[in-house]
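Hello,

Here is the structure I promised to pass on to you.

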Amino acid sequence: MVEEILRVENLCKKFEGMTVIDNVSISFYRGEIFTLMGQSGVGKSVFVRLILGLLSPDSGEIYFKDKNITNSSDREWIEIRKKMGMLFQNGALFDSLTVFENVSFLLDEHLKITIDEKKERVAKLLLEVGLKDIESLYPAELSGGMQKRVALARTIALNPEVVFYDEPITGLDPITASVITKLVNELNKAKKITSIIVSHDVKTSLSISDRIGLLYNGKLVAIEDTKDVAKCKNPYVDQFIKGKLTGPIKTVMEGKWEEK
Amino acid sequence: MIIVNLIYQFFIVLFREIGNFSLFILETFKWTFRRPFRKKLFVEQMEKIGIETLPVALITSAFIGMIFIVQLYYSLKEFSLESVCPGSLGLSLIRELAPVLAGLVMAGRVGAAITAEIGTMKVTDQIDALSILGVNPIQYLSVPRLVTTALAMLGIVILANFVGLYGGYFVGSFVLNLNPRSFISDALKDLVMKDFFASTLKGFIFGIIIALVGCWKGFNVRGGSKGVGKATMESVVTAMILILGADYVLNLVIW
Ligand SMILES: Nc1ncnc2c1ncn2[C@@H]1O[C@H](COP(=O)(O)OP(=O)(O)OP(=O)(O)O)[C@@H](O)[C@H]1O
Ligand SMILES: [Mg+2]
């Protein structure tokens with residue numbers, strides 16, 4: 001039984017005349033791992049930001065649990081975002097706050113709990129991402145992989161229902177990447193977190209995702225179950241997965257600065 | 001034609017900027033009066049803005065008093081009008097020099113710091129992270145900076161008035177041959193309550209300008225760390241121009 005948790009209908013977004021997201025519609029299901037793939041600069045991050053209300057769409061609707069959230073007020077967004085999290089590409093930890101303050105940020109803002117309870121919960125969250133006794137450090141004192149883990153701990157502090165991961169393993173060494181991938185998978189299974197991942201890494205994506213989507217030229221040109229990908233006939237998917245130079249995806253990037 | 005087009009473009013950009021800035025100001029004021037009130041952030045900013053900038057603002061103001069009295073003395077001595085030196089110093093210092101110079105110094109010190117900090121947060125996605133964590137970035141970042149900068153400026157101007165006056169007093173009585181006994185009372189004798197009030201009001205308003213411009217420029221940074229540097233410079237220049245403009249308008253309104 002699949003329950004829809006998030007739905008996007010006819011989403012469009014332009015930047016200064018350049019169409020980045022062109023009439024995209026898709027549903028996400030509770031508990032799944034969905035990976036959005038596509039070349040660099042194709043608009044994956046913009047797509048995620050639109051869903052989370054960090055950018056406002058030119059047209060189109062976004063439904064969260066069947067409620068239209070597209071034009072929510074500031075206050076409504078605050079409530080919605082308690083249920084959605086996002087792991088930013090670089091972690092986006094608050095660099096003037098310690099690890100403890102970063103991880104307890106959501107607890108401080110949205111719960112009334114004692115300092116002892118808070119300490120306990122922060123330690124538990126850090127343990128869940130495989131870290132210990134680093135509460136008093138500042139983000140600048142951590143490695144990139146550790147920063148990502150702390151950011152993950154901060155994201156899941158209030159048990160969100162949906163978490164977006166923007167390129168969670170890009171730029172990490174293979175072992176750290178495996179660790180993060182494993183964490184994403186574990187959180188999805190243990191906490192039933194619907195996970196929407198933006199990634200270029202075909203192998204990892206195919207191994208952990210239930211479905212993948214391919215964004216090209218502003219459109220979702222493919223949505224496939226991972227188990228069907230091997231025998232999938234979609235030329236875009238075939239080209240992207242195998243990294244071929246020929247196919248429907250153009251390899252020469254056209255910038256808007258080019259002379260017409 | 002190119003010139004006309006350039007001027008046209010310039011005004012389009014100018015009006016768009018003014019529009020955006022006005023919206024930002026409204027938004028900041030709106031969030032100033034909303035819950036929650038995060039005391040910790042205000043205390044933090046108070047320490048940063050008030051305490052860290054007080055020395056430089058006061059040193060500047062002491063020197064202004066010291067330099068200005070010398071200038072006054074040598075200009076007025078030619079007409080044997082040395083006796084009006086303290087009075088002139090008092091008037092110009094309290095009405096103009098102390099608030100305006102404190103404002104300009106703070107624009108360089110605090111305005112730049114605010115833009116650099118918020119701009120850095122912007123380019124490293126920390127502002128978006130705030131939103132995602134269910135916190136309004138304007139409320140979390142702008143409001144504490146606005147309130148504390150305005151209050152700090154108010155306090156700094158009051159202190160700067162005194163420090164400037166005593167700077168003038170020391171130079172006037174020990175270096176130049178002005179009467180130390182009557183210096184301070186002479187300096188204050190032409191001033192009325194309104195002048196002191198206007199002086200602090202100016203400081204308060206300049207503080208608001210510095211913080212709003214600083215935050216706005218920070219939130220609108222684009223283009224990585226280079227963008228942060230550019231925005232910081234723009235923040236200082238914009239705040240300085242707006243302070244001088246506001247000073248002019250306030251002078252028309254008050255006197
Ligand atoms: N705020 C913005 N203003 C103007 N243009 C933007 C803005 N944000 C993104 N763009 C443009 O939208 C396009 C898509 O950017 P986006 O960051 O979504 O790409 P991406 O698919 O996430 O790429 P990458 O894999 O490199 O992260 C780019 O051409 C970018 O220049
Ligand atoms: Mg991206």
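This is a predicted model: local features need pLDDT of at least 70, side-chain atom pairs count only at pLDDT 80 or more; totals for chains, interfaces and linings use all residues.

Residues are numbered from 1 along each chain as its sequence is written, chains are lettered from A and ligands numbered from 1 in the order in which they are written, and side-chain values use heavy atoms, with hydrogens and water left out.

Let me start with chain B. Its secondary structure comes to 8 helices and 0 strands (DSSP runs numbered from the N terminus: H or I of at least four residues for helices, E of at least two for strands). The C-alpha trace of chain B spans about 65 × 55 × 30 Å along its principal axes. Of its 255 residues, 47% count as buried (buried is under 20% relative accessible area, exposed over 50%, partly exposed in between, with a 1.4 Å probe and protein chains only). Among the contacts in chain B with a separation of 6 or more, 84% are accounted for by residues 24 or more positions apart (a contact means heavy atoms within 4.5 Å).

Helix α1 of chain B covers residues 2-32. Its 31 residues should span 45 Å at 1.5 Å a residue, and its end C-alpha atoms are 44 Å apart, which agrees (the expected span is 1.5 Å times one less than the number of residues). The buried residues of α1(B) are Phe21(B), Phe24(B), Thr28(B) and Trp31(B). What covers them includes α2 of chain A, together with α5, α7 and α8 of chain B.

Two loops of chain B are worth a look. Pro36(B) sits in the loop between α1 and α2, and the peptide bond to Pro36(B) from Arg35(B) is cis, with omega near -5°. Asp125(B), in the loop between α3 and α4, has a positive phi of about 65° although it is not a glycine. Asp125(B) counts as buried, at 17% relative accessibility.

Now to chain A. Asn10(A), in strand β1, also has a positive phi, near 50°. Asn10(A) is partly exposed, because its relative accessible area is 40%. Ser72(A) lies in the loop between β5 and α2 of chain A and is buried, with a relative accessible area of 13%. Its side chain reaches the backbone oxygen of Ile69(A) at 2.8 Å. Leaving aside residues up to four places away in sequence, Ser72(A) touches Trp77(A) and Ile80(A).

Finally, the cavities. The structure holds 4 of 30 Å³ or more (on a 1 Å grid over the protein atoms alone, a cavity is a set of points where a 1.4 Å probe fits but cannot get out, and lining residues have an atom within 4 Å of a point; a volume is the space filled by probe spheres set on the points, which are joined across faces, edges and corners). The largest cavity has a volume of about 90 Å³, and α8(A) gives the largest share of its lining, 3 residues. The second largest cavity has a volume of about 40 Å³. Its lining includes Arg81(A), Met84(A), Ile132(B) and Leu133(B).

Happy exploring!

Conventions. A polar contact is a pair of N or O atoms within 3.5 Å; within protein, one must be able to donate a hydrogen and the other to accept it, and residues adjacent in sequence count only if both atoms are side-chain atoms. On a 1 Å grid over the protein atoms alone, a cavity is a set of points where a 1.4 Å probe fits but cannot get out, and a pocket is an open set with protein on both sides within 12 Å along at least five of seven lines; lining residues have an atom within 4 Å of a point.
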